[in-house]
Structures are given as structure tokens and as C-alpha cells.
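Me: I would like to learn how to read a structure feature by feature, taking the general idea before the particular case. Could we go through one together?

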Amino acid sequence: MNRRSRVHTVVLLVMLVALLSCCTPPPYRMHPDFMTRMEKMRTIGLATPDIKIYSLSAGGVRELRDDWSAEGQQAVREAVVASFKQRHIAVVPVQRQDSGAEMADLQALYRAVSDSVLDHTYSETERFPHKMKRFDYTVGSVEKVLKGSGADGMVIVYAFDEISTAGRKTLKVLTSPLSMITGIKPRSGYSAMSVALVAASGEVLWYNIHANEGGYDLREPGSAASFLKLVLLGFPRRPS
């Protein structure tokens with residue numbers, strides 16, 4: 001895992017405490033012109049979901065699993081398309097063969113922008129009031145990535161999931177009686193997902209994030225769809 005991905009994951013893990021103790025799901029963030037610009041979008045492209053799934057050992061060691069991440073990517077992709085279809089919004093995966101490097105750059109930039117959104121509009125200690133009043137972020141133009149797709153906007157998804165190994169699950173069971181006395185017990189794996197709708201020009205028009213401990217498995221289509229439903233609470237439906 002590259003340094004930027006590792007930093008973003010650490011930031012999300014730190015934010016989970018506040019997110020889980022504050023409100024579930026956290027309130028979404030919306031650009032002042034979201035509704036007007038959303039109405040003009042006929043088709044939305046879906047960037048390749050950036051999904052990182054880890055195994056979480058009995059000792060608390062996280063190991064990135066590429067095979068699990070691929071499963072999660074497919075499950076989340078299908079869930080996004082289906083969820084927006086229910087809102088009468090056409091979403092088409094952007095899968096040009098020559099867009100791999102551009103897509104990787106976009107995913108990395110989105111993680112950095114998401115860090116800033118978390119710091120400045122969710123954090124109690126570093127919140128910027130002007131960012132709350134006017135939500136204004138950009139990932140830069142995505143027109144090159146959208147080229148040939150016919151889409152005039154893009155959905156970007158980043159998520160990570162921690163799947164407890166059998167050893168960790170056993171440890172939780174064995175330490176359960178002791179934890180009732182000490183109040184200390186091994187945590188379950190965290191799941192977290194952020195979703196953004198961006199204009200072709202790059203402005204982030206809508207953003208939300210949700211986090212949960214131990215209740216989901218993003219490799220499973222049904223679980224991924226249920227988790228995404230929480231992230232997209234508040235995203236409007238288009239009249240049929």
C-alpha cells in the first residue's frame with residue numbers, strides 16, 4: 001500500500017471514533033449549487049471504486065488482501081449502479097482501457113480531498129466554519145476520464161473494510177467474560193465508505209461518509225448494498 005493510501009486510512013480510522021459517537025450516518029455535505037447542477041446531469045459516470053479490504057489478525061495486525069479488495073470492488077460497483085437506478089439516475093462504469101493511470105491519479109486525489117473534508121467539516125477541533133457555510137471542494141477536471149462515456153458527472157467511492165480472522169473471532173469469545181470486568185475487549189473490524197458526486201469540471205457537489213464496527217462485509221453484495229444505502233441517505237431521487 002502506498003504512503004498516501006496508508007495516511008488516508010489512518011485519518012479515517014481516527015475519524016471513526018467521532019463519527020460513531022456523534023451521529024449515524026453523519027450528515028452529508030452539499031455544494032450550494034448541487035440541486036441546479038444535478039438536474040442538468042443526464043448520465044453519471046462511475047469511477048472504479050477504490051476499495052481496500054484487510055484481514056485483521058488476533059494480534060490486531062492488518063494485512064491488505066488484493067483478492068478480497070477485488071471482490072469488494074465488484075460488489076460496491078454493482079451496488080452503486082443499482083442504488084442510483086432506484087433514484088432514476090443512470091450510472092455507467094467508466095472502464096476505458098487507456099484510463100488506468102488517470103483513474104489511479106483521480107483516486108489518490110480524491111482520498112486527499114476526502115481527508116480535507118473530514119478535517120474541516122466533520123472534525124470538532126479543526127472545523128472551518130466557512131467550509132460548513134459554503135461547501136466548496138474540487139478534485140480537478142474529470143473530463144479526460146469521462147471521455148467517450150457520454151457522462152457529464154462522476155460518482156467516486158472510497159472504502160475500506162477489516163475482516164476479522166478466525167483467530168481474532170475466537171479471541172473475542174474467550175476474552176468476553178474478562179472484558180465484562182476490565183471493560184477492555186478486542187475490537188471488531190471497521191468498515192468505512194465515502195461517496196462523492198463530482199461535476200465534469202471537478203467540483204464536489206455532494207459528499208457523505210459512514211462508518212461501522214463489525215457489522216458489514218463489503219465483499220458480500222447484499223452487505224455492500226446495505227452499507228451503501230446508509231452512505232447515500234439524503235441523496236435525492238429524480239422524478240420518474
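Me: Does F135 count as buried or exposed?

Reply: Buried means under 20% relative accessible area, exposed over 50%, and partly exposed in between, with a 1.4 Å probe and protein chains only. F135 has 3% relative accessibility and therefore counts as buried. This is a predicted model, in which local features need pLDDT of at least 70 and side-chain atom pairs count only at pLDDT 80 or more, while totals for chains, interfaces and linings use all residues. Residues are numbered from 1 along each chain as its sequence is written, and side-chain values use heavy atoms, with hydrogens and water left out.

Me: Where does F135 lie, and which residues does F135 touch?

Reply: Helices (H or I, at least four residues) and strands (E, at least two) are DSSP runs numbered from the N terminus, and F135 is placed in the loop between α5 (129–133) and α6 (143–146). Contact means heavy atoms within 4.5 Å; not counting residues up to four places away in sequence, F135 touches R29, M30, H31, P32, V117, T121, V204 and Y207.

Me: How many helices and strands does the protein have, and what percentage of its residues is buried?

Reply: The secondary structure comes to eight helices and eight strands, and buried residues make up 48% of the 240 residues. Among contacts between residues at least 6 apart in sequence, 76% join residues at least 24 apart.

Me: Which residues of helix α8 are buried, and what covers them?

Reply: In α8 (residues 221–231) the buried residues are S223, A224, F227, L228 and V231. Seen down the helix axis, these fall within an arc of 130°, taken from the directions from the axis to the C-beta atoms, so they line one face of α8. Their cover includes α3 (66–86), β7 (190–199) and β8 (204–213).

Me: At what angle do α3 and α8 pack?

Reply: Axes are lines fitted to C-alpha atoms, for helices over the stretch in contact, and angles run from 0 to 180 degrees between N-to-C directions. Here α3 and α8 pack at an angle of about 50°, with their axes 9 Å apart. That makes α3 oblique to α8, given that angles under 35 degrees count as roughly parallel, over 145 as roughly antiparallel, 65 to 115 as roughly perpendicular and the rest as oblique. The contact is made by A75, V76, A79, V80 and S83 of α3 together with P221, A224, A225 and L228 of α8.

Me: What is phi of H88 near, and where does H88 lie?

Reply: Most residues other than glycine have a negative phi. Phi of H88 is near 60°, a positive value in a residue other than glycine. H88 lies in the loop between α3 and β5 (90–93), and is partly exposed, with a relative accessible area of 38%.

Me: Which residues is I53 in contact with?

Reply: I53, which lies in strand β3 (residues 50–56), counts as buried at 0% relative accessibility. Leaving aside neighbours within four places in sequence, its contacts include E63, L64, W68, D161, I163 and L218. The C-alpha atoms of I53 and Q73, 20 residues apart along the chain, are separated by 9.4 Å.
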